[in-house]
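Colleague: Please pick one part of this model and take me through it closely. Start with the chain it belongs to, and say at the end how that part is placed among its surroundings.

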Amino acid sequence: MTVPVLEIQGVSKRFGTNLANDDISITLAKGEIVALLGENGAGKTTLMSVLFGHYMPDAGRILIDGMELPQGKPRAAIRAGVGMVHQHFSLASNLTVLENVMTGTEKLWSWRSGTSAARKKLLAISERFGLKVDPDARLGDLSVGEQQRVEILKALYNDARILILDEPTAVLTNIEAEKLFTTLKEMARQGLSLIFISHKLDEVMTAADRIIVLRSGKVVAERRASETSKAELAELMVGRRVTRPVREPSAPGTVALEAADITVKINGVERLKSISFRLREGEILGIIGVSGNGQAALAHLLSGTLSRTSGTLLLFGEPIGNLGVADVVSADIGRIPEDRNEEGVIGEMAIWENAVLERISSPAFSRSGLVNRKAGIAFAKEIIGQFDVRGGSPASRARLLSGGNMQKLILGRNLHQRPRILIAAQPARGLDEGAVAAVHARLLEARRQGTAILLISEDLDEVIALADRIQAIVGGRLSPPVEAEVAEARRLGLMMAGEWHEAWKADHAI
Amino acid sequence: MRFERREHRPLYLLIVAPVLAVIAALALSGILIAIAGAPVLDAYWRILTGAFGSRLSATETLTRATPLMLTGLAAAVAFRARLWNIGAEGQFYLGAIAVAAASAKVLGDLPAPILIPLLLLVGAIAGMVLILIPLWLRLRFSVDEVVTSLLMNFVALLFVSMLIDGVLKDPLAFGWPQSQSISDHAMLPKLIARSRLHIGLVIAVALAVIVHLMQSRTVFGLQSRAAGLNPSGAVFAGVPLGKTLMKVACLSGGLAGLAGAIEVMGVKGYVTTDLSPGFGYAGIVVAMLANLNPLGVVLAAIFTATMFVGADGMSRGLGIPTYIADVTVALSLLTMLIALFFTQYRIRR
């Protein structure tokens with residue numbers, strides 16, 4: 001058997017307590033396209049960063065053509081023929097295509113620039129692989145798809161034989177993505193080896209020869225594309241046994257919040273595409289999905305910080321216009337923002353100030369523009385007592401709180417007054433297990449008291465543990481809901497991959 | 001060795017740190033004084049007596065401190081909300097010229113109890129108008145207000161220069177570019193007879209207290225602080241960002257314009273293009289020295305004025321350049337920033 005072009009042997013990488021890569025071994029043959037498939041946080045990007053020398057692995061080694069690659073040296077990786085196409089391009093938008101491609105390849109102390117030779121080489125490469133771009137165009141004027149082509153050209157210009165693409169289609173339109181895969185196949189045919197990272201079932205099935213599924217830092221399966229199906233991959237990717245904790249059955253009441261055909265455009269880009277959902281009192285509706293699929297827009301829309309472009313929103317059956325934050329707060333809608341530190345609290349302000357800021361204009365906390373400090377501090381004290389916020393007094397700065405206690409403060413200021421609706425975006429993200437349990441217990445308690453809860457989360461375990469019904473968000477669209485009782489790994493995987501028809505077919509097959 | 005964030009900022013540190021910073025700055029500039037060939041302690045003694053040694057010098061120092069307090073407040077309120085108003089100098093001049101114009105052309109005949117408050121208001125409004133231009137550019141087109149507000153200073157100064165060489169020119173000034181004098185009864189009452197010290201000092205100190213209360217006790221104060229510390233957090237909490245910045249800008253520009261008005265009505269009585277020896281810019285230093293605390297601004301302004309007034313006495317007595325005052329103030333700004341750092345962090349081995 002021939003020596004594989006690339007061999008990753010037993011690579012492990014730990015960040016704090018989180019084992020991002022756990023003894024991963026992968027081989028790549030000449031002229032082969034391999035897809036690395038996995039959910040967010042499965043360890044795909046970490047592995048590629050180790051390969052490219054951005055991270056030092058804790059264990060394991062990397063062989064290229066049977067030769068060991070020195071660790072932690074991107075330059076050595078480039079010299080050995082590894083090229084990386086980042087998800088966020090590492091290009092300068094004020095330089096031309098040619099200048100971008102040449103950057104980093106010339107000697108620093110040379111007094112002249114080998115522009116004409118470089119131009120020839122660039123044109124030859126773009127001819128060979130059918131990657132057409134104008135070498136003299138300013139990068140900033142190119143479309144995202146063209147910019148990606150430049151990034152690929154840059155890798156090839158450095159004589160890459162192994163090309164790594166990190167979620168290459170994340171920024172592309174469907175047509176651009178198709179074009180990209182045609183190019184990739186052509187490159188493989190000419191003897192290059194490629195690895196691309198993805199969480200989209202469609203594209204790994206059509207573009208890859210071999211698919212490696214990563215989950216929680218481990219290789220869980222390896223399949224030839226010709227010998228597997230989307231359904232199997234979905235199940236492997238999501239993987240866990242779907243066990244739901246025993247809870248009291250929900251007793252959903254009236255519809256508290258109803259969205260019909262809502263579209264949100266930001267700077268001309270549709271972030272939400274005619275989504276519809278119904279949220280009833282006393283139930284938790286879980287919105288699952290891989291990050292960056294419109295979760296932020298959905299949370300902001302319902303939190304009063306984003307306006308919809310079209311569609312109807314009904315609050316307890318009443319159509320309502322675009323809401324501002326003050327309207328949302330006074331309509332008894334609680335909000336847990338996705339990012340505690342960015343949006344949830346103002347770290348340099350006191351805990352009591354953070355507790356009352358969003359309702360500072362209510363007569364309880366201010367009168368004719370003067371803040372009622374006493375009431376604010378008393379309110380903060382109540383939250384601290386009731387929600388077990390540890391590590392600070394009402395007057396100390398919110399920054400001093402640990403993530404879990406900060407989240408309890410945010411939960412407290414929302415749940416203290418028993419909101420009718422709660423919008424919870426990633427409420428347990430980044431918390432330790434004790435804090436996660438506390439947050440979950442509070443959400444379930446609010447549900448029991450009749451609050452309608454919209455839970456937006458990337459953590460499948462969390463959604464499965466808490467939600468009564470589940471919808472998936474993919475590319476700004478919402479799937480139809482499924483009852484959490486009948487959701488299992490395969491179907492959730494298909495839903496998150498946007499294969500809704502497949503997901504419902506799976507239903508009928510059972 | 002590494003730095004670690006302090007969990008609590010003890011109160012004594014907040015008081016001790018600035019004192020240590022000033023001592024360190026004085027020690028460092030002492031080296032320069034020694035290099036210049038003068039006895040260091042004697043030099044500082046002369047600065048102190050030069051600034052506070054007599055009734056005259058003490059009133060003079062406080063007269064100098066008055067506009068610094070106001071421009072210092074102007075910078076402090078803006079910086080608190082992360083609005084970088086570097087244009088206090090221009091707002092100062094616009095406030096001054098507005099007072100001169102209003103007194104000479106429109107309001108001069110009103111009785112003093114009505115005229116004086118009215119003129120102060122005119123000065124403040126002139127300062128506000130000037131800052132609204134950079135603010136609008138920022139809110140509408142995200143243009144960095146550091147640059148625009150700074151450049152507006154030159155526009156304002158040239159505008160003043162044009163007026164005092166034109167429509168507002170004093171015909172009795174022997175051809176000097178100088179505005180017409182404001183009416184005698186528009187002058188602010190003296191605080192102490194036979195000195196230049198006027199009630200502007202009382203106004204400035206009162207405003208410092210009011211600004212302090214406003215920042216700590218009002219909804220607007222809370223919201224403007226939130227907007228400055230974490231804009232996206234403020235938006236999420238429902239703070240109207242644009243409106244809040246607008247109010248902050250008006251307050252800041254108003255205070256700087258008022259400084260100009262008070263300087264004209266309290267000291268000079270007319271406007272020239274050297275009315276301000278850089279009060280607007282020095283206000284930024286004063287605000288930073290005070291760690292943007294409005295009450296601290298009062299002390300920082302007095303310290304800065306002490307150095308500048310006292311340095312004259314030292315210079316006359318010992319033959320050292322008065323630039324030493326600039327150096328000391330600049331050094332104290334640096335040592336203050338270091339001291340403030342240590343109120344937030346501690347050293348761990």
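Modeller: Of the 510 residues in chain A, 48% are buried. Please keep in mind throughout that this is a predicted model.

The overall dimensions come next. The C-alpha trace of chain A spans about 75 × 60 × 45 Å along its principal axes. Its radius of gyration is 26 Å, which agrees with the value near 24 Å that a compact globule of 510 residues would have. Chain A contains 18 helices and 23 strands. Among its contacts with a separation of 6 or more, 69% are between residues 24 or more positions apart.

The domain assignment divides chain A into domain 1, residues 6-228, and domain 2, which is made of residues 255-340 and 420-509. The centres of the two domains, taken over C-alpha atoms, are separated by 34 Å. Contact between them involves 5 residues of domain 1 and 5 residues of domain 2. On the domain 1 side, these are 1 nonpolar, 2 polar and 2 charged residues.

The part I have picked is a sheet. In chain A, 4 strands form an open sheet in the order β12-β11-β14-β15, with antiparallel pairing. At its edges are β12 (269-280) and β15 (318-320) of chain A, each of which pairs on one side only. On average, neighbouring strands of the sheet are turned by 25° against each other, direction ignored. As background, strands of a sheet pair through backbone hydrogen bonds, in either a parallel or an antiparallel way.

Now look inside the sheet. Strand β11 of chain A covers residues 255-266 and strand β14 of chain A covers residues 310-315; the two run antiparallel and are joined by 5 bridges.

Most residues other than glycine have a negative phi. S274(A) counts as partly exposed because it has 16 C-beta neighbours inside 10 Å, whereas a buried residue needs 20 or more and an exposed one has 12 or fewer.

Where does S216(A) lie? It is in the loop between β9 (210-215) and β10 (218-224) of chain A. S216(A) counts as partly exposed, with 16 C-beta neighbours inside 10 Å.

β6(A) pairs in the parallel sense with strand β7 of chain A, residues 162-165, over 4 bridges. One of its residues, M84(A), has I164(A) as its bridge partner in β7(A). In a regular strand the side chains alternate between the two faces of the sheet. Both faces of β6(A) are covered: V82(A) and M84(A) are buried on one side, and G83(A) and V85(A) are buried on the other.

Last come the surroundings, which include a second chain. There are 25 residues of chain A in contact with 18 residues of chain B. On the chain A side, the elements that give two or more residues are α10 (325-330), α11 (340-344) and β18 (370-371). The largest share comes from α10(A), with 3 residues. By class, the chain A side has 12 nonpolar, 8 polar and 5 charged residues.

From chain B, take A226(B), which lies in helix α8 of that chain, residues 219-229. A226(B) is buried because 27 other C-beta atoms lie within 10 Å, and the cut-off for buried is 20 or more. Apart from neighbours within four places in sequence, A226(B) is in contact with I346(A), M349(A) and L357(A) in chain A, and with G233(B), A234(B), A237(B) and V239(B) in chain B. A237(B) is 11 residues from A226(B) along the chain, and their C-alpha atoms are separated by 9.1 Å.

How values were computed. Residues are numbered from 1 along each chain as its sequence is written. Chains are lettered from A and ligands numbered from 1 in the order in which they are written. This is a predicted model: local features need pLDDT of at least 70, side-chain atom pairs count only at pLDDT 80 or more; totals for chains, interfaces and linings use all residues. Domain bounds come from an automatic or database domain assignment. Two residues are in contact if their C-beta atoms, placed from the backbone, lie within 7 Å. Ala, Val, Leu, Ile, Met, Phe, Trp, Tyr, Cys and Pro count as nonpolar, Asp, Glu, Lys and Arg as charged, and the others, Gly among them, as polar. Two strands pair if DSSP finds at least two bridges between them. Axes are lines fitted to C-alpha atoms, for helices over the stretch in contact, and angles run from 0 to 180 degrees between N-to-C directions. The radius of gyration is taken over C-alpha atoms; the globule rule is 2.2 Å times the number of residues to the power 0.38.
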